[in-house]
Amino acid sequence: MIGEVTGIRRIRMLYLQLLYRCNFECLHCFHGKRLQHADAFTADEAVKLLTLMRERYDTEAVTLLGGEPFVYKDLTRVVRYAKRELGMRVEICTNGYRIERRLTEIAPHLDLLRVSMEGIGSTNDHIRKVGSYQSALSALDAARGLGVRTGATMTVTSRNIDEVLPLARTLEHYEVEQLKLHCLRPVGHAADHPELLITDSAAYVRLREQLQNAALTIEVIVDEDLSEHGAPEVRAPAGGPTEIERIEADPRGALTMSCKAVGRDSHAFWYDKLADHIVHRPSADDELTFEIPNVVYGRA
């Protein structure tokens, strides 16, 4: 259905939100009140969607996230199927909270463990959960011991922008390969915490300059939004693209083609779990926007 409507024939990566439920309630979480919702993929539904994406759109990689994917009871089954049966590259994005036992189960089938962190020590714990900083470091250490490659994500806010470099240095010590920096968007819980928003756009310029001059060995990937003037709007070229980098499926089955649209309720496409196919549900608010480019620093 996506191909018929948009001309897109290949989607390289699926971001699969397995469930809304989470053991954290982070101040900036874009899910907001949906964290309390019961919506989730069953293991069968997740497997069917993975198969559909692999066969119809030549999807080669999946990132499993939530909510918190490590509280999803069938995580091991989904990870094994994606790797063993479909030959996909498998990544998990997690808060890293007390995941060591289950991580050991899936380690042979996992290509990358990405842990979300929001700064150093108490800065991280204030935004995420008390004790979460040390737990995240323990998860990274456990992954290293299991031979699993690691990455991290950080949403840049007014509270932690000065800790981007200190966090990057700490992650280097744990042999983390990559740090992704995201721009805070005022949706979900973040809409209730405007104090986290960065109002001085020059702060992003200073951050970029710091990253350029830091000679980091960890790769730092920065949202194009984290710039003085923000990212330009990226829309489909004339005739539409034939390939996009990613699509995101939320626990209800809504499909989003742009990270700028995540957390909103306007979706052109849905995965119908019962019928096992993608349907088109256009609305007046739908805009087909696609992924924006990133800037990469580090790997000196």
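Analyst: Arg101 and Glu105 are four residues apart in helix H4, so about one helical turn separates them. Their side chains meet in a salt bridge, at 3.2 Å from N to O. The term salt bridge here means that a side-chain nitrogen of Lys or Arg lies within 4 Å of a carboxyl oxygen of Asp or Glu. As background, side chains of opposite charge can pair when their charged atoms come close. Arg101 counts as exposed, at 60% relative accessibility, while Glu105 is partly exposed, with a relative accessible area of 35%. For these words, buried is under 20% relative accessible area, exposed is over 50%, and partly exposed is in between, using a 1.4 Å probe and protein chains only.

Before going on, a word on where this comes from. This is a predicted model, in which local features need pLDDT of at least 70 and side-chain atom pairs count only at pLDDT 80 or more, whereas totals for chains, interfaces and linings use all residues. Residues are numbered from 1 along each chain as its sequence is written, and side-chain values use heavy atoms, with hydrogens and water left out. Helices (H or I, at least four residues) and strands (E, at least two) are DSSP runs, numbered from the N terminus.

Altogether, the structure holds 22 salt bridges. One of them pairs the side chains of Glu243 and Arg10, at 2.9 Å from N to O. This pair links distant parts of the chain, 233 residues apart: Glu243 belongs to strand E8 (residues 243–249) and Arg10 to strand E1 (residues 10–17). Glu243 is partly exposed, with a relative accessible area of 44%. Both residues also belong to a network, in which salt bridges that share partners join Arg10, Arg12, Arg54, Asp58, Glu60, Glu243 and Glu245.

Another salt bridge joins Lys83 and Asp111, whose closest N and O atoms are 2.6 Å apart.
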